[in-house]
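Could you take me on a guided tour of this structure, telling me what to select next in my viewer and what is there? I am seeing it for the first time.

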Amino acid sequence: MVMVTRQKMKVRRKRRSGSSARLRGGAIRRSSGFSRKGRRGVRPSTGRRYAGIPLQRLKAKAWAAGARAAAQDGAEKGSPQMQACFQAWAQAERVDQLPFTALLTASLAYRRGYAHAAGLSKMWIPLPLKSRASAIVTASNEEQTLPAVLAELRKLPLHEIIVVLNGCDDASFTVVDRDPRITRLSFPERLGHDVGRAIGAAIATGDILLFTDGDMCVAAEDLAAFLIAIDRGEDLALNDLTPHLPPFSQQDEVTRCKAFLNLALGHPELKANSLTAVPNALSRRAVRTVGTAALIVPPKAQALALVRGLKAGAPISVDVIRKNRLRTSNSGAGNAVARMIVGDHLEALGEVMKTEGVRLRFSTIGRSELAKVRNAR
Amino acid sequence: MPHSSGQLYVCRYQPPGQSYTEVYAPVLSRFWEEIDVVKKRKRPRIRLNRKPIQRPKVLPRLVNHPDPIVSIIIPAMNERATIASVLREAGLVHPRSETIVVVNGSTDGTAELAEACGAHVIHVPEPLGHDVGRRVGAEAARGQVLLFIDADMVIPARELRPFVNAVLTGVDVALNSYSGPVRGKVAHPVVLAKHVLNGVLQRPDLRGASLTAVPHAMSRTAVDTVGLDALEVPPLALAKAIRLGLNVQPVHTVPVGKLNPARGRIGKKGSRVDPLTALVAGDHLEAIHWLLLQQGPRGGYSDLGRQRGKVR
């Protein structure tokens, strides 16, 4: 009998606690529902005009604007026209001042709206660029990847695409499509690393120069970030490799050299980001300041640009470390390419030491004064 | 047992007429009064967690050998707190040694203390810094092995002997293989500079080892080869030692990062800004500059057949 009553009591207690918990839970859920509704307006601000408006509404608005632009009668329909319409709309709605992710969302929605209304496909990604953009692709025996690389580039509102082929024994030349925007340059002999990009930069006419390699395919959406960064006033837009780096103890010589160069030039915030890594973009001002010949040695161009006070940033991170095609020359510790890049960094340091002095940005406070500061009693 | 019970009885026996309270009560009351007086005075309680009282240690006087094999060089500026212990450990490193303390810019009696300990003291009135201090010490050194340590951290003699032994067995420059903290993605500027310099000197096996860090030892040949002037810029001395074909080896790890007292002022975000960082990083650039002068604008690294003439 005693046992039974105990059990009953236990059950009753459990039930009571259960019901009370349910009640409390319900109350919490209801209140949380309210709070979520209230929080909707407190999104991080995305721009002056769009502060407080969620991305979903921006998307819908962009889609509608795109569809309206395509529905205007009389005008010709096509990607260049869409680009012009988007630019006007973005300026009017101040979408061009949004951070890149929001801008890209609007741009893609606008494109969908326009394509839907005009019944077109394979449209460009419209971008609010104030100046003309050129892309420079260097390739040597890349018939496998080159078409995909060019397909991504053609999605962007570029003024021209310059393909510099050198030392190709395969069908690289023929796989490059005939497109009014593409300029093909072909050199029978190998030019060596980064010489092709300097040649491409020399003949490019745009104010934004986007550099990529023919051996790795980077999505057009990622490349757009470099164009936008330059258009907004930066001079060097570098690929942010920091998320893909191992801890310092496991980093290779090249990464350390890159970080040291930036540090020595007074830009520790650039970490190990370098013009050596593609994709990257330069402004016309940067090319004019450092000279096309300096682009042959990317760290040298970067060092000269930083020393001469140009603005550098790393707008987006594209994982090129894993995508990079492995060859015997670029894999393993102390490989030929790595040694060449270390040499590039030494050349860059030597070049800036000529004008800035041997100690560059590091203070020239004497050892004696330093001892006074540190050990004074 | 009757015998034992009788014994017990004898023990407890009290003479009749004088009871226990009659004899002892006055004595006890006086005792308690005294206790009260003491309590009112609040005699300090004995604290068990107190540090033992620091007594001046009886230091064996250093003996500078007339014909030394090992010269121990210690630059010091205002290091009264540690110099005696540093000298005690230095004296235990090698039986035939001399200890040279380069006292520079001191105002706290470091020189007198070092002399009292028996070291050979070089006085310089103005502050020199570690590196110039080492050079001044090296000028005066007579041994075949030069061991460089600092006066602000006490390193036990058993941690110093490996450096001396390495130089005695054929190494020219014996480095501390301590590389500094390298766990994060971004290393301290000085750590980065050391790694980069060793890398461009094609000695990645040295990792972050450097002549900037103590303790390190050099042979007489090494000092003559790199020159005394180069000792004032330690990374330059290391670059010269490696490039001129000396046997440079990391021989032993002494984690000096933990022993080094924190210095410098507190900068932004509570981090410490030490002016030494910029000096050491600049020293590494000087070393790289020397390498570029020696090996051409690319420091001896190839261009992998770049056709630079194609670009106008």
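Two strands pair if DSSP finds at least two bridges between them. Helices (H or I, at least four residues) and strands (E, at least two) are DSSP runs, numbered from the N terminus. Before you start clicking, note that this is a predicted model, in which local features need pLDDT of at least 70, side-chain atom pairs count only at pLDDT 80 or more, and totals for chains, interfaces and linings use all residues. Residues are numbered from 1 along each chain as its sequence is written, while chains are lettered from A and ligands numbered from 1 in the order in which they are written.

**Stop 1: the sheet of chain A**

Select the strands of chain A. You will find an open sheet of seven strands in the order 3-2-1-4-6-5-7, with mixed pairing. Strand 3 (182-187) and strand 7 (312-316) of chain A are at the edges; each has a single partner strand, so one side of each has no neighbour in the sheet. From one strand to the next the twist averages 20°; here and below, axes are lines fitted to C-alpha atoms, for helices over the stretch in contact, and angles run from 0 to 180 degrees between N-to-C directions.

**Stop 2: strand 4 of chain A**

Now pick strand 4 (208-213) of chain A. Is this strand enclosed or open? Six of the six residues of strand 4 of chain A are buried, so it is largely enclosed by the rest of the structure. A residue is buried if 20 or more other C-beta atoms lie within 10 Å of its own, exposed if 12 or fewer, and partly exposed in between, with C-beta atoms placed from the backbone. Show the side chains: A:I208, A:L210 and A:T212 point one way, and A:L209, A:F211 and A:D213 the other way. In a regular strand the side chains alternate between the two faces of the sheet.

Next, look at the partners. Strand 1 and strand 4 of chain A pair in the parallel sense over six bridges, and A:S134 stands opposite A:L209. Strand 4 and strand 6 of chain A run antiparallel and are joined by four bridges, with A:L210 opposite A:A281. Strand 6 of chain A also pairs with strand 5 (residues 236-239) of chain A, in the antiparallel sense over two bridges; there A:L236 has A:L282 as its bridge partner.

Contact here means that the C-beta atoms of two residues, placed from the backbone, lie within 7 Å.

**Stop 3: a loop of chain A**

Move to the loop between helix 9 (253-264) and strand 6 (280-283) of chain A, where A:P279 lies. A cis peptide bond joins A:V278 to A:P279, with omega about -15°. A:K271 is in the loop between helix 9 and strand 6 of chain A as well. Phi of A:K271 is near 50°, a positive value in a residue other than glycine, and A:K271 is buried, with 20 other C-beta atoms within 10 Å.

**Stop 4: over to chain B**

Select the strands of chain B: seven of them form an open sheet in the order 3-2-1-4-6-5-7, with mixed pairing. The edge strands of chain B are strand 3 (120-124) and strand 7 (248-252). Then find the loop between helix 7 (189-200) and strand 6 of chain B, which holds B:P215. The peptide bond from B:V214 to B:P215 is cis, with omega near -15°. B:Q202, in the loop between helix 7 and strand 6 of chain B, has a positive phi near 60° and counts as partly exposed, with 16 C-beta neighbours inside 10 Å.

**Stop 5: where the chains meet**

Finally, show both chains together. The contact takes 49 residues from chain A and 51 residues from chain B. Helix 13 of chain A gives the most to the side of chain A that touches chain B, with ten residues.

Zoom in on helix 9 of chain A and helix 7 of chain B, which pack at an angle of about 125° with their axes 9 Å apart. Among the residues that meet there are A:F260 and A:L263 from helix 9 of chain A, and B:L192 and B:V196 from helix 7 of chain B.
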